[in-house]
Amino acid sequence: MQEQKIKQDAIHIGENIKNIRKQKKIKQIDIVRKMQLMGIDITRESLVKIERGIQHIYASQLKAIKEILETSYDELLK
């Protein structure tokens, strides 16, 4: 079964991720490293594209980012 992608058309997930990440002073590479340790296959380039809204995010990636940033789905999906 293929993992579900979350489209960023109406909601600005990537922008929210970027804003929360910057508020918490966490670097992109730190998020990527932690995600990889959690078993999530992602590169820094992919995270950049997600933050820019040009690449859809997978549900597992969103869950991992939520945990790493210690935030809620509400904050990420608003």
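Predicted model: local features only at pLDDT ≥ 70, side-chain atom pairs only at ≥ 80, totals over all residues.

Colleague: Which residues does Ile-57 touch, not counting residues up to four places away in sequence?

Modeller: With those sequence neighbours set aside, Ile-57 touches Gln-4, Lys-5, Ile-6, Ile-13, Ile-17, Ile-50, Leu-62 and Ile-65.

Colleague: How should I read a nonpolar core, and which residues of the largest one touch the most other members?

Modeller: A nonpolar core is a set of buried nonpolar residues joined through side-chain atoms within 4.5 Å. The largest one here has 18 residues, and those touching the most other members are Ile-17, Ile-31, Met-35, Ile-57, Ile-65 and Leu-69. Helix 1, helix 2, helix 3 and helix 4 each give two or more residues to this core. Helix 4 gives the most, with 5 residues.

Colleague: Which residues of helix 4 are buried?

Modeller: A residue is called buried when its relative accessible area is under 20%. In helix 4, which spans residues 59-69, this applies to Gln-61, Leu-62, Ala-64, Ile-65, Lys-66, Ile-68 and Leu-69. The cover over these buried residues includes strand 1, helix 1, helix 2, helix 3, strand 2 and helix 5. After helix 4 comes Glu-70, with a positive phi near 50°.

Colleague: What are the buried residues of helix 3, and what do they pack against?

Modeller: The buried residues of helix 3 are Ser-46, Leu-47, Val-48, Ile-50 and Glu-51. They pack against helix 1, helix 2, strand 2 and helix 4. Just after helix 3, Gly-53 also has a positive phi, of about 80°.

Colleague: How does one describe two helices that pack together?

Modeller: Two packed helices are described by the angle between their axes and the distance between the axes. For helix 2 and helix 4, the angle is about 115° and the axes are 10 Å apart. Their crossing is right-handed. Helix 2 makes this contact through Ile-31, Lys-34 and Met-35, while helix 4 uses Gln-61, Ala-64, Ile-65, Ile-68 and Leu-69. Of the residues in the contact, 6 are nonpolar, 1 is polar and 1 is charged.

Colleague: How many salt bridges does a search of the whole structure find?

Modeller: A salt bridge requires a side-chain nitrogen of Lys or Arg within 4 Å of a carboxyl oxygen of Asp or Glu. The search finds 4 of them. In one, the side chains of Arg-33 and Asp-30 meet at 3.7 Å, N to O. In another, Glu-67 and Lys-63 meet at 3.6 Å, N to O.

Colleague: How are the two residues of each of these pairs placed in their helix?

Modeller: An α-helix has 3.6 residues a turn, so residues three or four places apart point the same way. Arg-33 and Asp-30 are both in helix 2, 3 residues apart, about one turn of the helix. Glu-67 and Lys-63 are both in helix 4, 4 residues apart, again about one turn.

Definitions and conventions: Residues numbered from 1 in each chain as written. Heavy atoms only, no water. Buried < 20%, exposed > 50% of the residue type's maximum accessible area, 1.4 Å probe, protein only. Contact = heavy atoms within 4.5 Å. Axes fitted to C-alpha atoms, helices over the stretch in contact; angles between N-to-C directions. Left-handed = near helix turned anticlockwise from the far one by under 90°. Nonpolar A, V, L, I, M, F, W, Y, C, P; charged D, E, K, R; others polar.
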